Amino acid sequence: MKKILILDFGSQTTQLIARRIREQKVYCEIHPYSTPLDKIKAMAPAGIVLSGGPASVYDSDAPLSDPALFTLGLPILGICYGAQLMIQQLGGKVEKAEKREFGKADLSIEYTGGIFSGLESSPIHHQVWMSHGDRVEIAPVGFEATATSSHSPFAALRHKEKPFVAVQFHPEVAHTLIGTDILRNFIFGLCDCQPDWTMHSFIESTVAAIRNQVGTSKVICALSGGVDSSVTAALIHRAIGEQLTCIYVNNGLMRINETESILRFFKEKTRLKLIDIEATDFFLSELAGVVDPEIKRKRIGLGFIKIFEEEAKKLGEVNYLAQGTLYPDVIESVSFRGEAPIKSHHNVGGLPEIMQLELIEPLRELFKDEVRELGLELGLPEEAIYRQPFPGPGLGIRIMGEVTLTRLEILRQADVIVLEEMKKSGWYRKVWQSFAVLLPIQTVGVMGDGRTYENVIALRAVDSKDAMTADWSKLPYELLGSISSRIINEVRGVNRVVFDISSKPPATIEWE
Ligand code: XMP
């Protein structure tokens with residue numbers, strides 16, 4: 001299977017380039033711009049994309065890739081900074097533009113071959129998205145302009161003999177209406193790729209790789225019932241069957257019937273070897289009297305590690321720990337200038353070091369929606385695949401103040417009403433997350449003829465792509481009304497519901 005290599009120069013949209021290419025069923029990987037030539041050769045890509053980035057090519061500390069890239073005989077597409085770098089390294093000239101071009105621009109195509117195959121030429125205009133302060137002033141020998149915009153005489157260029165193309169605009173963003181055509185022309189036309197990156201082929205190659213890595217060793221996987229850990233477990237089970245043991249810990253901080261339905265599902269619908277640990281009392285006693293959210297998180301995390309270690313010991317020698325790390329986590333942990341990772345990502349807080357286990361992360365090349373597709377292909381049901389994210393510390397971080405059985409019960413009842421109403425109205429899948437939070441205050445109300453002094457529930461619903469940023473969801477008033485009146489009528493101990501209208505940043509999604 002052919003693959004495309006994307007060299008990252010730090011653009012906000014580098015991941016989008018990968019998304020767009022993979023949507024065409026062509027596999028691609030993002031690597032730092034400074035990846036050594038030998039490593040690039042060893043990857044044997046069918047083509048290379050140089051991403052955009054915030055720097056200027058004429059800065060003294062501009063990020064540069066090895067100019068010998070252009071001697072490999074591979075098709076190369078430069079985007080924005082990547083385009084300017086290509087032009088500069090091949091002998092052209094890039095300078096600060098008099099006018100920055102930012103946002104939508106009209107592109108006139110002068111040459112309708114190569115990446116512009118099938119697109120209409122000038123005087124037809126195509127909407128593209130620009131974001132640059134520098135521009136190409138002189139093309140290198142052998143290059144010609146293939147498109148212009150009002151501020152860029154070289155909005156796109158090509159080498160007349162070699163497979164090098166450069167675009168000043170961003171084909172990967174949705175505002176560039178011809179972006180998909182351009183990327184398709186590059187990967188299928190210039191790079192001669194086939195649309196053969198499917199979940200089926202991914203499963204086949206990953207299963208083989210896991211068998212190869214693990215041999216006859218034992219693997220454990222912490223199963224939370226969430227999408228990532230469920231798909232990880234299903235995939236590894238497909239590869240090594242009984243060598244995998246999954247451990248589910250009920251920390252008492254799950255939602256109504258959640259533990260029961262997760263366990264029922266895995267026991268009835270899969271053949272995973274599953275150990276389930278009931279640890280509600282242990283966690284609640286660890287949390288007794290704790291109000292500070294960070295201490296709550298630490299106690300829950302440490303409690304989890306303790307139980308996990310004990311169970312793993314009982315299994316005898318275990319060499320591997322499976323984790324559902326996704327591609328965005330992997331990219332985030334690679335710093336831009338190719339230095340050491342700035343953030344190491346562990347779903348199960350420090351377990352691998354403590355237990356000296358090697359990690360298996362079979363989803364580390366996938367985006368969240370690809371994981372969902374993979375889960376469906378592996379036969380997991382839709383309700384497991386399309387669950388909203390639920391934090392590891394569970395309801396523990398959605399109860400402000402002390403976590404007690406009584407307060408958990410109030411939140412559980414409110415939470416299930418939110419869930420039911422969101423599903424009934426068709427909003428559950430439209431938002432990233434929607435949930436109830438129990439506040440640490442009482443307020444005055446009136447019920448019947450009597451005064452009440454009871455709890456407040458906050459409703460949180462957000463739209464997001466990756467949880468890094470989020471906006472509050474504009475839920476319809478009728479839906480907000482039915483959630484509020486059901487909670488106040490049905491949940492004892494609550495007389496007020498408020499709706500959180502803060503975005504992230506500066507607020508976070510969870511209240512803690
Ligand atoms: P915040 O509150 O930081 O949350 O905006 C971002 C996203 O992460 C989820 N979250 C967690 N997920 N373990 C998890 O697996 C955790 O400890 C954790 N804390 C927050 C949160 O639900 C949201 O989707």
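Q: Which residues does Ile 487 touch, leaving out those up to four places away in sequence?
A: Ile 487 touches Ala 414, Ile 417, Val 418, Ile 457, Val 494 and Val 497, where contact means heavy atoms within 4.5 Å. By the way, this is a predicted model, where local features need pLDDT of at least 70, side-chain atom pairs count only at pLDDT 80 or more, and totals for chains, interfaces and linings use all residues. Residues are numbered from 1 along each chain as its sequence is written, and side-chain values use heavy atoms, with hydrogens and water left out.

Q: OK, and how many residues are in the largest nonpolar core?
A: That core has 83 residues, and Ile 487 is among those with the most contacts inside it. A nonpolar core is a set of buried (under 20% relative accessible area, 1.4 Å probe, protein chains only) Ala, Val, Leu, Ile, Met, Phe, Trp, Tyr and Cys residues joined through side-chain atoms within 4.5 Å.

Q: Which helix gives the largest share of this core?
A: Helix α6 (residues 227-240), with eight residues. Helices are DSSP runs (H or I, at least four residues), numbered from the N terminus.

Q: New topic: why is α3 largely enclosed?
A: Seven of the nine residues of α3 (residues 81-89) are buried, so the rest of the structure largely encloses this helix. Tyr 81 and Leu 85 are among the buried ones.

Q: Where does pLDDT stay under 50?
A: Over residues 334-346; pLDDT is the predictor's confidence in each residue, from 0 to 100. The chain's mean is 91.

Notes
Buried < 20%, exposed > 50% of the residue type's maximum accessible area, 1.4 Å probe, protein only. Helix = DSSP H or I, 4+ residues; strand = E, 2+ residues; numbered from the N terminus.
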